[in-house]
Amino acid sequence: MDIDTMSFWLSQPAIRLALAVLAALMIGIVTHKIVYRLLLRLTARLPSANLFVGYTRPPAMLLLPTVFVLPVWLGAPDWRWLAALQHANALVVIGALTWMAMALIQGGMQVIISRHPLTVADNLAARRIYTQARVIGRSVQLIVLLVGVAIMLMTFPGVRAVGASLLASAGLVGIVAAVAAQPMLSNLMAGLQIALSQPIRIDDVLIVEGEWGRVEEITGTYVVLAIWDSRRLIIPLQWFIQHPFENWTRRTAELLGTVFLWLDFSTPLQPLRAELQRICEQAPEWDGRVASIQVTDASERCMQLRILVSAADSGRAWELRCRVREALISFLQREHSGALPRYRAELDIVNRRNSQTEKIDH
């Protein structure tokens, strides 16, 4: 291609505009790479800041090039097809800004969570902060998303016209919208209530509808309860506001485990108490607080023993209960086989023989 041909093509407004757009996009991409490479190096020794930068990197890759393109349209010719490109560019910028805002919220939420790990022994405060950060962060993200979508829709003249025409019947529209949005709004309000008052937290142990499980996830609309047998129970947030449930770790993760045994009245209790103490001292799940045996009930055939043992959390309490139950039964079978429940029948043989003798004499 000679110089004259090149000059001819470069003199065309559409070609110059396309080259300007490509140059703006390249400048935006190069700026993104330079800026984030510097930010990642500066925050390499700051895990929280580095995590925050990592969350904002993908949306910035879309935001910076499209923002650099915006000034190009200012001196562009007034072409009809160009208006569609300008509108599309504006929509992408709004979407990228919405994405960036949600990434900032997500990054801040993860920074807060990373500073309060759940792996510590006493994680009550960490679970409280984790739950608040997750629920409030996701609620704010939902609001940001709705605002971003609303702004994008308002850039269409037809949508603005429809919105203006609906203002005359605002009362009816408000009623319909309220009815349609009631489940979403009720779950959103329930999520905020749970985040602030915290009847449940991440990793809490709950009894819900007769199921024992651990709170695995709290989203903006539902709670995921991990059942002990690896099932997952999905419960709407609003359910926890309207129904009673058991929370075994509301104040502390420490729990008392209970084991019930029905034994014969001849069972010696002191050897059984000594064996329980020995079992607990050898058990890694025992926290050293409680190990006791009490006779809590008695019937005409046997007595009920309640064994109380303590553990640091619900998982260890369950393991300790199973360990104690199995060990005590083995001890009774080995040392006191007559302690297991049995039926008694006493026969008065002498009286029976006397009565039979009297009958024969008569």
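At what angle do the axes of helix 9 and helix 10 cross? Keep that in mind as we go through this predicted model.

Here is the pair. Helix 9 covers residues 269-282, and helix 10 covers residues 314-335. Their axes come within 10 Å and cross at roughly 135 degrees. Angles over 145 would count as roughly antiparallel, and 65 to 115 as roughly perpendicular. So helix 9 is oblique to helix 10. The crossing is right-handed.

Who touches whom? On the helix 9 side, the residues in contact include Pro-271, Leu-272 and Ile-279. Helix 10 meets them with residues including Val-324, Phe-331 and Arg-334.

Next, charges. Side chains of opposite charge can pair when their charged atoms come close. The count here is eight salt bridges. One of them joins Glu-217 and Arg-138, at 3.5 Å from N to O. Glu-217 sits in strand 2 and Arg-138 in helix 5, so this pair ties together parts 79 residues apart in sequence.

Last, the surface. Val-30, Ile-34, Val-35, Leu-38, Leu-39 and Leu-42 form a nonpolar patch there. Together they have about 530 Å² of accessible area. Ile-34 belongs to helix 2, residues 13-42.

Note on methods:
Residues are numbered from 1 along each chain as its sequence is written. This is a predicted model: local features need pLDDT of at least 70, side-chain atom pairs count only at pLDDT 80 or more; totals for chains, interfaces and linings use all residues. Side-chain values use heavy atoms; hydrogens and water are left out. Patches are made of residues with over 30% relative accessible area and no salt bridge: like charges are joined within 9 Å, nonpolar side chains (Val, Leu, Ile, Met, Phe, Trp, Tyr) within 5 Å. Accessible areas come from the Shrake-Rupley method with a 1.4 Å probe; for residues, only the protein chains shown count as cover. A salt bridge is a side-chain nitrogen of Lys or Arg within 4 Å of a carboxyl oxygen of Asp or Glu. Helices (H or I, at least four residues) and strands (E, at least two) are DSSP runs, numbered from the N terminus. Axes are lines fitted to C-alpha atoms, for helices over the stretch in contact, and angles run from 0 to 180 degrees between N-to-C directions. Angles under 35 degrees count as roughly parallel, over 145 as roughly antiparallel, 65 to 115 as roughly perpendicular and the rest as oblique. A crossing is left-handed if the near helix is turned anticlockwise from the far one by less than a right angle, and right-handed if clockwise. Contact means heavy atoms within 4.5 Å.
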